[in-house]
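Trainee: May we go through this structure together? I would like to learn how to read it.

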Amino acid sequence: LGATHTHFAPMVQEGMPVLGTVDSEYLNLISERIAELILRLRQELRPAAIRYSEGMADHSMNRRLMRWRINKKGRLEHCEGYAPNPTGPRDESMRMVEVLAGGSTIGIVWNYACHPTAYPNRLHVSAEFPGVVRSRLRGEAGAVPILYFQGFSGDVRPRLLAPLKTLQEFVLRVLQGPLFGKPSLAEWESWASSLSDAVLKMYKTEGAVLNVNGIRFANVAFPVADIAPGHNPNDLFEVQYVEFMNGFRFVGWNAELVHGYRNMMTRILGEERLLTAGCLDQTLAYIPLEEMLPGRGYEVEGFHDNFAFSGKYATGMNAKLEKVVQELARKIQR
């Protein structure tokens, strides 16, 4: 199962008290409902076809920026910080799988690399932009299940730059450089509606109708400490692969990978009809690219306290991760 990762819903993962405490009654409730639903659906299987489509958005922004800033000690330093980087790399590709039975849509899965983190009412429970997209798609397809899998978006977030509204914000901008601001509800709704337009455009493309003739699975697990020495040796990063043969493929990690890892996945596994997702299962950490280590940004070190992460990413991690994906590719080919 994959999390949509909205920052505006109850916490359901143990072991990260800084990010939130888990209400056991709520966790048991949703676990029971998901399990019951899966068991019921297994008794209602029917022939289906799959329509696969691709599209492009323009709604995310890289959130890592090298800049001069005044640090907490009052010193001027050149460092990588959490800030809008309009020219920074990101992944705007989108993928959609529509399940068809009897000529009608019975379910939709879509995949895009962006954090659902910009909703302005921070004390509200919200499905964030996946909820807005779900409502718009149901307006076209009917009341069917709509699942969102978050792509590799560890270093990107919504493209929302709020204007300066106070003297304090102006002073911070002068001292620390560009900053993400809190959008108004109207600004966020406009952005989410525009993203929904892009998803609907993908939904309305002709796509390719595929007749799946089998399903195969593969997975690889390895200790987090292999790339982050010092971390708990019992914690494992896991890579899951599912292939709907003659259809589409899915690869997911129990981590928040930065956007650049999609290139590694497609280079080794092939790009054709490949959905890539982070935040599967119990998400253990961010995984940065090795070239990000000198910047010591949030995705490298800043997340440690929030995630109760005790390791330190080391040089050579890219090569080790390539070997992991290559091992997955060998398992697929057997």
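Mentor: We shall look at a sheet, its helices, and some contacts between side chains. Please keep in mind that this is a predicted model.

Trainee: Which strands form the open sheet, and in what order?

Mentor: The open sheet has four strands, in the order β9-β10-β11-β13, and its pairing is mixed. β9 (215–223) and β13 stand at the edges with a single partner strand each, so one side of each has no neighbour in the sheet. From one strand to the next, the twist averages 10°.

Trainee: In what sense do β11 and β13 pair?

Mentor: Strand β11 (residues 249–253) pairs with β13 in the parallel sense, over four bridges.

Trainee: What links α8 and α5 through their side chains?

Mentor: E322 forms a salt bridge with R267, and their closest N and O atoms are 2.7 Å apart. This pair links distant parts of the chain, with E322 in helix α8 and R267 in helix α5, 55 residues apart. E322 is partly exposed, with a relative accessible area of 21%, whereas R267 is exposed, at 53%.

Trainee: How many salt bridges does the structure hold?

Mentor: The structure holds 13 salt bridges. One of them joins R63 to E299, with the closest N and O atoms 2.8 Å apart. R63 lies in strand β2 and E299 in helix α6 (residues 298–302), so the pair ties together parts that are 236 residues apart in sequence.

Trainee: Why does R63 count as buried?

Mentor: R63 counts as buried because its relative accessibility is 6%, and the cut-off for buried is under 20%. E299 also counts as buried, at 0% relative accessibility.

Trainee: What else does R63 touch?

Mentor: The side chain of R63 has a polar contact of 3.1 Å with the side chain of Y286. Leaving aside neighbours within four places in sequence, the residues in contact with R63 include H115, D155, F180 and Y298.

Trainee: Which residue forms a salt bridge with D197?

Mentor: D197 forms a salt bridge with R136, the closest N and O atoms being 2.6 Å apart. D197 is in helix α4 (residues 185–204) and R136 in helix α2 (residues 128–141), 61 residues apart. D197 is partly exposed, with a relative accessible area of 42%, and R136 is partly exposed at 29%.

Trainee: Which residues are linked in a network of salt bridges?

Mentor: D58, R90, E92 and R159 are linked in such a network.

Trainee: A change of topic: how many residues has α1, and how far does it reach?

Mentor: Helix α1 (residues 24–42) has 19 residues and reaches 27 Å from its first C-alpha to its last, close to the 27 Å expected. At the start of α1, a side-chain oxygen of D23 comes within 3.0 Å of the backbone nitrogen of E25.

Key. Residues are numbered from 1 along each chain as its sequence is written. This is a predicted model: local features need pLDDT of at least 70, side-chain atom pairs count only at pLDDT 80 or more; totals for chains, interfaces and linings use all residues. Side-chain values use heavy atoms; hydrogens and water are left out. Helices (H or I, at least four residues) and strands (E, at least two) are DSSP runs, numbered from the N terminus. The expected span of a helix is 1.5 Å times one less than its number of residues. A polar contact is a pair of N or O atoms within 3.5 Å; within protein, one must be able to donate a hydrogen and the other to accept it, and residues adjacent in sequence count only if both atoms are side-chain atoms. Two strands pair if DSSP finds at least two bridges between them. Buried means under 20% relative accessible area, exposed over 50%, partly exposed in between (1.4 Å probe, protein chains only). Contact means heavy atoms within 4.5 Å. Axes are lines fitted to C-alpha atoms, for helices over the stretch in contact, and angles run from 0 to 180 degrees between N-to-C directions. A salt bridge is a side-chain nitrogen of Lys or Arg within 4 Å of a carboxyl oxygen of Asp or Glu.
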